[in-house]
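Me: I would like to go through this model and ask, for each label attached to it, what the label rests on. Please set each value against its definition before concluding.

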Amino acid sequence: MRFATGLVLAALLTTPALAQNASPPPAAAAASAFSADTPLQAVVADPAAKAALEKTLPTLAKHPAFEQFKSMSLRELQAYAEGQITNEMVAKVDADLKALSAKP
């Protein structure tokens with residue numbers, strides 16, 4: 001699985017935008033704060049959180065294998081991304097997501 005996920009993620013930053021099926025947002029997502037430890041499916045289900053993710057990783061939510069890794073957090077996914085998702089990217093997304101919960 002790790003090898004297959006690595007191959008899929010190797011094209012992460014070069015994959016063109018593809019259509020994505022929208023999943024209904026989990027009920028807890030609206031009430032909780034977002035971070036790099038939040039499952040990606042919850043992040044992309046919230047328009048503001050998705051926009052924060054896409055500022056740094058614009059193709060992640062549109063990736064053809066998103067359905068396979070959507071239950072992982074960005075921090076968990078980084079371990080399988082073979083360097084395509086850097087610590088700096090994770091930190092930037094984490095800060096942007098946490099800033100959302102600071103807004104009234």
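Me: Why is L74 called buried?
Reply: L74 has a relative accessible area of 2%, and buried means under 20% relative accessible area, with exposed meaning over 50% and partly exposed in between (1.4 Å probe, protein chains only); L74 is therefore buried. This is a predicted model, in which local features need pLDDT of at least 70 and side-chain atom pairs count only at pLDDT 80 or more, whereas totals for chains, interfaces and linings use all residues. Residues are numbered from 1 along each chain as its sequence is written, and side-chain values use heavy atoms, with hydrogens and water left out.

Me: Where does L74 lie, and which residues does L74 touch beyond those up to four places away in sequence?
Reply: L74 lies in helix α6, a helix being a DSSP run (H or I, at least four residues; strands are E, at least two) numbered from the N terminus. With contact taken as heavy atoms within 4.5 Å, L74 touches A36, T38, L40, L53, L57, L60, I85, V90 and V93. For V93, which is 19 residues away in sequence, the C-alpha to C-alpha separation is 8.7 Å.

Me: What makes a set of residues a nonpolar core, and which members of the largest one touch the most others?
Reply: A nonpolar core is a set of buried Ala, Val, Leu, Ile, Met, Phe, Trp, Tyr and Cys residues joined through side-chain atoms within 4.5 Å. The largest one here has 23 residues, and L40, L53, L60, F69, L74 and I85 touch the most other members. At least two residues of this core come from each of α3 (40-45), α4, α5 (66-69), α6 (74-78) and α7, and the largest share, four residues, is supplied by α7. In soluble globular proteins, nonpolar side chains tend to be buried together.

Me: Why is α4 called roughly antiparallel to α7?
Reply: The axes of α4 (residues 47-56) and α7 (residues 87-102) come within 9 Å and cross at roughly 155°. Axes are lines fitted to C-alpha atoms, for helices over the stretch in contact, and angles run from 0 to 180 degrees between N-to-C directions. Angles over 145 degrees count as roughly antiparallel, under 35 as roughly parallel, 65 to 115 as roughly perpendicular and the rest as oblique, so the crossing angle makes α4 roughly antiparallel to α7.

Me: Which residues make the contact of α4 with α7?
Reply: On α4 they are A48, A49, A52, L53, K55 and T56, and on α7 they are M89, K92, V93, D96, L97 and L100. They divide into eight nonpolar, one polar and three charged, where Ala, Val, Leu, Ile, Met, Phe, Trp, Tyr, Cys and Pro count as nonpolar, Asp, Glu, Lys and Arg as charged, and the others, Gly among them, as polar. Leaving aside neighbours within four places in sequence, L53 is in contact with L40, V43, V44, L60, L74 and V93.

Me: Is V44 buried or exposed?
Reply: V44 is found in helix α3 and has a relative accessible area of 13%, so V44 is buried.

Me: How do you know that E82 is exposed?
Reply: The relative accessible area of E82 is 57%, and therefore E82 is exposed. E82 is found in the loop between α6 and α7, and its phi is near 50°, a positive value in a residue other than glycine.

Me: Why does A102 count as exposed?
Reply: A102, which lies in helix α7, has 64% relative accessibility and so counts as exposed.
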